[in-house]
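Here are my notes on the model you passed along, as numbered points. Have the structure open while you go through them.

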Amino acid sequence: MLTIEGLRKEYGAVVALQGASLSLVPGTIHALLGANGSGKSTLVKMLGGVVRPTEGMIWVDEQRLETGSPAHAIHQGIAVSYQETSLVPSMSVADNLLLGIEPTGKAGYVARRAIRERAAEILDQLELNIPPDVPVAELPTNAQHLLEIGKALVKRPKYLVLDEATAALRREEVKRLFSIVCGLRDEGAAILFVSHRFDEVYAICDRATVLRNGAVVGTRSLSKTSREELIQDMIGQRISLEPVRQETGNSIKKQSLRLKARSLTNSELGGVDLEVSAGEIVGIGGLQGQGQTALLRALIGAILVRGDLETEGHRGLFRNPSHAAESGVRFISGDRGREGVFGQRSIYENIMIGRIATSPLWQRAWQRGKNRAVRDLVEQLKIVHHSLTQEVRGLSGGNQQKVLFARTLASRPNVVILDDPTKGVDVSTRMEIHRLLRSMAGAGVGLLIASSDDEELAGVCDRVLIMYEGRIVRELTGDLQPSHITKASIEGAQSEKGKGAETRADSL
Amino acid sequence: MAFTERVKQRLGQSSRNSLGIAVGVAVLLTAVGGAFNRGFVSPSNLLNLLAISSLLGLAAAGQTLVVLSGGEGIDLSIGAVISLSAVLTSQISNGQNGLLLPAVVVTLVVGVLLGLVNGLGIYLAQVPPLIMTLGMSSVIEGIVLVYTQGQPKGQAPPFLAALGTGQVLGIPWLIIVWAMFTLIIWYVLKYLVYGRLLFLVGDNRSAGRMSGVPVAKLVVGTYALSGFFSACTGILFLGYTNTTYLNIGDVYILPSVAAVVVGGTALSGGRGGYIGTVVGAILLTVLDSLLTTLHMGEATRGIINGVVLLVLLSIYTRQPKDA
Amino acid sequence: MRTRFSSNQTATRIFRSPAMIGWVLFLLGLVANAIVQPTLFKLSVINSNLGLAAPLVMVAIGQTAAVLAGGIDLSVGAIVTLTNVLVVSLCSFHHTGFWLAAILGVAAGIAVGVVNGFIISIVRIPALLVTFAMMSIINGVALAILPQPGGQIPADIYQIYGNTVAGLPFPLLLIIVGVLLWVVFRYRKIGRYLIAVGGAAGSSRANGIPVTKVRFQSYVLSAMFASLAGLFLTAEVSSGDPLIGASYALNSLAAVVLGGTALAGGRGSVSGSVGGALFLILVQNIVYFANVPSYYQTLVSGLIVVMGLATTGVLYARSGKWRLTNGR
């Protein structure tokens, strides 16, 4: 049995976790739930030894775990699959799988053949059909996440921690993962399962511990707890789970066209046509990795593409994102940390850049009136902060996302293109963002949103385009239901290939 | 324990505090110099120290911008550009005031062009800045050799020499020129779009690109500016020394980087500023002069310079622990 | 869009591997050199060329270790100098036997690496700055040990260095020994961990790899190879010079980059660096034997190197998949 006692972590003045306790019982699957910033990841990292707790301790089978030492945690049979993965991109699949636990042969040389064999074994178990000597950087995201899980499994852990392990996986992959995890449980391992998805939690977990603002709200037996009760534990207040679309109604005001693309083609896109009108929110759905990201990037000129493009006052493809921005076409990347925020710079600067990014370089940047405008945006979006000069990296994920929206609003865009706008954002911020999207549309902006979340697409979009293998295969309008979008995504695959989606996923 | 933690955090994180430390150390070194030798703190010697600092300070101006621009930005070619600029100005003007203007124009244009080549190699061909600017140094040194046939000719026109060594109201012209440059650079970094974007792009280049900043123009332009400042330094250096010889700029390559870092600009880009570099340049000049005053040989000077640098950097560039 | 993997990928991977760039450049350089200098393949010429090349090759191997682990070592040139002046002054002014002097010289170099490693990995100061300051300190120390060029090592030592053993040039044997020494590290856990730490330090830590220790070791390795280079250089020139190593810091970095190793760390190879180092030596040769007027030599060799660097960079940018910044 693994017991956590009063774990606390402070980062300067910020308390990430305030005295969390829970225990993992062999032969059970334990869920860890909580909104963003509730301290789940901090707890997971302490279990893995990556983060050293300020206070508190961890007991493994009556023995005290030396905290802050990943090597020791691994030695004690704890294996963690991290949300942001712990792979080395430049190393091969096999080398990553056995990283840190390489078998050595005579004279201390690493036994490379043994590594390949062990790796092949675990790849087989995961039904991952990839050669073990490919560098991890060349794999698609879902395969990388599967590898991260495989890396934990290869250690044959007594305690397995899965942090948002399913977030990037396809449906069939989740199913396969669950059968492996349940097998481990039956062999007597204890599993900590961290997830946002209630379906999955109810499908495999026995008990659930809910964290809120870094404190444990309680541990419940799942068979006696409803979804609503868990949600209430997580957010501490009742919220309506009503979709936001009703606020502005369904009627699409056919106004002027904001963006018109014709036959966009490159290695990932097979001739995409699309139009976005003023005041319209167009969604892009489909199974994961069908060229959605490439389409968004092609539109703003971030990757090479052939075809034709038309926006207000501009005809032709954009040369680069800056060129697109000059024409009022703005992009919010789904990769907030790498392509969104300027972590070491202030909130003020992070928002202001929306206004000055395309100004002539020798112009004056700061003016008093603009200062006021930034303050108003921060108020309007309810960005939680203590000072406008505060570094953005100190904000929570949801607030960072709001800063990106404030930046985009400050730029007074004609068209906004968004990639997964609520990725890794908690339930209430998600609602706020959805409302914001509607109000932007209400102000005449044309929006194009790609999302892997069909509920989100159904909730905010006027139309949804379904992509498959780099083409738009269906358009859904009218009364949008998440299930329709999901169905269309899978059907799109079938009508195109004449085969099931599973076949494709298996062959990767 | 809590207190030392807090002190460490303060020291580690705020560039404003490292600026404070640099100012403190510079004053301390001056005081030590004064204790050993009264003449060290005489107004004329202090002004002289400032005048010498001004050349390093100008050489480090471009370095500051390049380091701020991120992407492991660094410009090791400034030494070679300074040498070439001094040689160009001296040979074209040939000691005549009338030819000074064309000489200066040609020199500045060449400096900017060489900076552009650096920027294009770094941004388009993706050569790491350290290596690109190093490679360009040897190319530029080659150009100097070819242009001078190994023996630089000419000298500074009287006007330039007056600028390099003369004074107005007891204050060396060099200091006044440097002060003007400092004011302009400070203003550009603080108030102009270029400056603000430089900090942001230096912090996160991909985010800059995705938010619509013309990153290519900005980064390549910054290397061109570095070439411009190096050319200015070369011209003023000629005025200061009157004649020139090969590779005079080499002495500025590493001190310019040191001045930037001692002034609290992060080598990873996006944080810092030119005022820090100004203090850094003064600190390094005072230190060197102090060691000379104390009759230290070249060997000891090198050792002490290194140790002081190491200690200063240990105070404020310490990385946070991973856990 | 779909990731396809086929069996001939291994072959393409070898051809696309970054080390190839270094060796292609080397071969091109060799051909060009052979054209302008027909005597290139005479044993004595090979011998003298390798004699020149061996020190740079050694420094480049050590530099590769530091760079692979995500760092950089600017103090290698100073370490070369330190070993050189120490060995020479011990031999000629203190009547120490050559081999004892050699051991002391190499030990001094390694000690510098230990200090570097300590400050970088345990005190946690950026490597560029530490090794930069260390360069200044060690150059000062070298100047204090031997203020003027001079001194002499026993004649039989530099005669061995310029000679052949069993028909093979002696410097070639030294290069082979250097590469073998690297191989001993590369195929143990330490070699793997260098690459892991340089590629993703956080991930490495999470997997239980002793990141601090690995970083520390990379600077000790780098210093060890640099001081061996200093020893070889001493055998080559046979006397001491307090400025002798000045060019090695930056040339070794150029060799590493030309050999396709990423300065950001985590990928690359020593074999590429060896190719890059040999290419740099060949460029000097080519310019000299092609009768380039003496004032033009620096310019021409500089241009060749810059073009080589740009080619390396463009090839890297082309291979695209590595560029995670513009990910999918």
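Which residue forms a salt bridge with Glu456(A)?

1. The partner is Arg430(A), and the closest N and O atoms of the two are 3.8 Å apart. For a salt bridge, the rule asks for a side-chain nitrogen of Lys or Arg within 4 Å of a carboxyl oxygen of Asp or Glu. Glu456(A) lies in helix H16 (residues 454-460) of chain A and Arg430(A) in helix H15 (residues 427-442) of chain A, so the pair ties together parts 26 residues apart in sequence. Helices here are DSSP runs of H or I with at least four residues, strands are runs of E with at least two, and both are numbered from the N terminus. Glu456(A) counts as buried at 1% relative accessibility, and Arg430(A) is buried as well, at 17%. Buried means under 20% relative accessible area, exposed means over 50%, and partly exposed is in between (1.4 Å probe, protein chains only).

2. Before going further, some housekeeping. This is a predicted model, in which local features need pLDDT of at least 70 and side-chain atom pairs count only at pLDDT 80 or more, while totals for chains, interfaces and linings use all residues. Residues are numbered from 1 along each chain as its sequence is written, chains are lettered from A and ligands numbered from 1 in the order in which they are written, and side-chain values use heavy atoms, with hydrogens and water left out.

3. Back to the charged pairs: over all chains, the structure holds 28 salt bridges. One of them joins Glu312(A) and Arg258(A), at 2.7 Å from N to O. This pair links distant parts of the chain, 54 residues apart: Glu312(A) is in the loop between strand S14 (306-311) and strand S15 (314-315) of chain A, and Arg258(A) is in strand S11 (residues 257-265) of chain A. Glu312(A) is partly exposed at 35% relative accessibility, whereas Arg258(A) is buried at 14%.

4. Another pair to look at is Glu10(A) with Arg8(A), a salt bridge whose closest N and O atoms are 2.9 Å apart. Glu10(A) is partly exposed, with a relative accessible area of 31%, and Arg8(A) is partly exposed too, at 22%.

5. Now chain B. Its secondary structure comes to 14 helices and two strands. Chain B has a radius of gyration of 20 Å, close to the 20 Å that the globule rule gives for 323 residues, so it is as compact as a globular protein of that length. (That radius is taken over C-alpha atoms, and the rule is 2.2 Å times the number of residues to the power 0.38.) Of those 323 residues, 56% count as buried. Among contacts in chain B with a separation of 6 or more, 76% are between residues 24 or more positions apart; contact means heavy atoms within 4.5 Å.

6. How does chain B meet chain A? Contacts involve 29 residues of chain B and 36 residues of chain A. Together the two chains bury about 2800 Å², 58% of it on carbon and sulfur atoms. Buried area is the accessible area (1.4 Å probe) that two parts lose on being put together, summed over both. Val193(B), Leu200(B) and Met210(B) supply 24% of the area that chain B buries against chain A, more than any other three residues.

7. There is one salt bridge between chain B and chain A: Glu349(A) with Arg196(B), with the closest N and O atoms 2.6 Å apart. On the side of chain B that touches chain A, H9(B) gives the most, with eight residues.

8. The interface of chain A and chain C has 54 residues of chain A in contact with 34 residues of chain C. About 3600 Å² is buried between them, 53% of it on carbon and sulfur atoms. Ser90(A), Tyr109(A) and Glu138(A) supply 16% of what chain A buries against chain C, more than any other three residues. The rule finds one salt bridge across this interface, and the side chains of Arg192(C) and Asp95(A) meet in a salt bridge at 3.0 Å, N to O.
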